[in-house]
Amino acid sequence: MKRCMVTGAAGFVGSHLSEALTSRGIDVVGVDCFIPYYPRPVKEANLAVLRSRPNFHFHELDLRQGDARALLEGCDVVFHLAAMPGLMKSWSDFSLYNTCNCDATLRLLEAARDVKLPQFIHISTSSVYGKEATQGEDAPLTPFSPYGITKLAAENLCRAFTANFGLPVTVLRYFSVYGPRQRPDMAYNILIRTLLSGGTFTMFGDGEQTRSNTFVADCVRATMLAADKRDAAIGQTFNVGGGEIVSLNDVIRRLEQLTGKTARIERKAPRPGDQKHTAANIDKARRLLGYSPTTPVNDGLAAQVAWQRSLL
């Protein structure tokens, strides 16, 4: 891999991935359109290191409308992370999720087909499984949020391009990524922020919902392995998760110890579309990609706390 494209390069995982790729000496074409899901300055800060690197080439482009063909020329792979994330807003603004997650993916797939791209790595989510995500990649897919539905539709668009045009596709399903630069709307970011500021954290449900959290460095490693081991990865779908399963209540206790603060919690009913349990079965990724998460939850949480403290 000498040159690649990363869509969503100014985002949480996309910026970390772009830094890891450029550190390896790979030319990275970064694409982002700064949809105001959260403030643009947050994303600009994510790009601060990358903008000083000569092998990072950033383009502000809305994939729903812009043509990516020229940018894809000469690329060995595209890492397609760009998407509209989050569950709750997908109930009230389905059109935005549909255009960002489906229309943009379709246009990028068309561009990849036309330039005969050697590999298209599509980033999906555990939300495609539905309320429970605890089995392998062949489990039934029954998403129960508009967000999950659009992400499954994007996966199926990828498979249609493979079946009809022979486009070499790999699908990665991320499970609850956390760590430095986590989006400000995500639960751990909000929880740490309220602990550090003395605010109140709103808990939806009883706190016994569990997650197979994935530290961002482990997530990046798995994503790069999908390109490094292209022959094994093409045509496959992989779960990408961490090695520990923890409940929200457990995470709160750990963060109280890490911050030296006591959480103030307001409890509310579960939100529609929230998953109850996720536990990534990563046997396939271990076997075919050699992926193994290495970051203990406590270490990952400590890294995120340190990052959020640095922003105060």
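Here are some questions and answers about this predicted model.

The model is predicted, so local features need pLDDT of at least 70 and side-chain atom pairs count only at pLDDT 80 or more, while totals for chains, interfaces and linings use all residues. Residues are numbered from 1 along each chain as its sequence is written, and side-chain values use heavy atoms, with hydrogens and water left out.

Q: In what order do the strands of the open sheet of seven strands run?
A: Let's start with the terms: strands are DSSP runs of E with at least two residues, helices are runs of H or I with at least four, and both are numbered from the N terminus. Two strands pair if DSSP finds at least two bridges between them. The pairing here is parallel, and the order is β3-β2-β1-β4-β5-β7-β12.

Q: Which are the edge strands?
A: Look for strands that pair on one side only. That picks out β3 (56-60) and β12 (237-240).

Q: Which residue in β7 is the bridge partner of Ser-124?
A: Strand β5 (residues 120-125) and strand β7 (residues 169-174) pair in the parallel sense over six bridges. Ser-124 has its bridge partner in β7, and that partner is Arg-173.

Q: Is Glu-60 buried, partly exposed or exposed?
A: Glu-60 sits in strand β3. Buried means under 20% relative accessible area, exposed means over 50%, and partly exposed is in between (1.4 Å probe, protein chains only). With a relative accessible area of 48%, Glu-60 is partly exposed.

Q: What is the relative accessibility of Val-251?
A: You'll find Val-251 in helix α10 (residues 248-259). Val-251 counts as buried because its relative accessibility is 0%.

Q: Which residues lie nearest the centre of the second largest pocket?
A: On a 1 Å grid over the protein atoms alone, a pocket is an open set of points where a 1.4 Å probe fits, with protein on both sides within 12 Å along at least five of seven lines; lining residues have an atom within 4 Å of a point. Helices α2 (40-46), α7 (187-197) and α12 (297-310) each supply at least two residues of this pocket's lining. Of the 17 lining residues, those nearest the centre are Val-42, Gln-182, Asn-189, Trp-307 and Leu-311.
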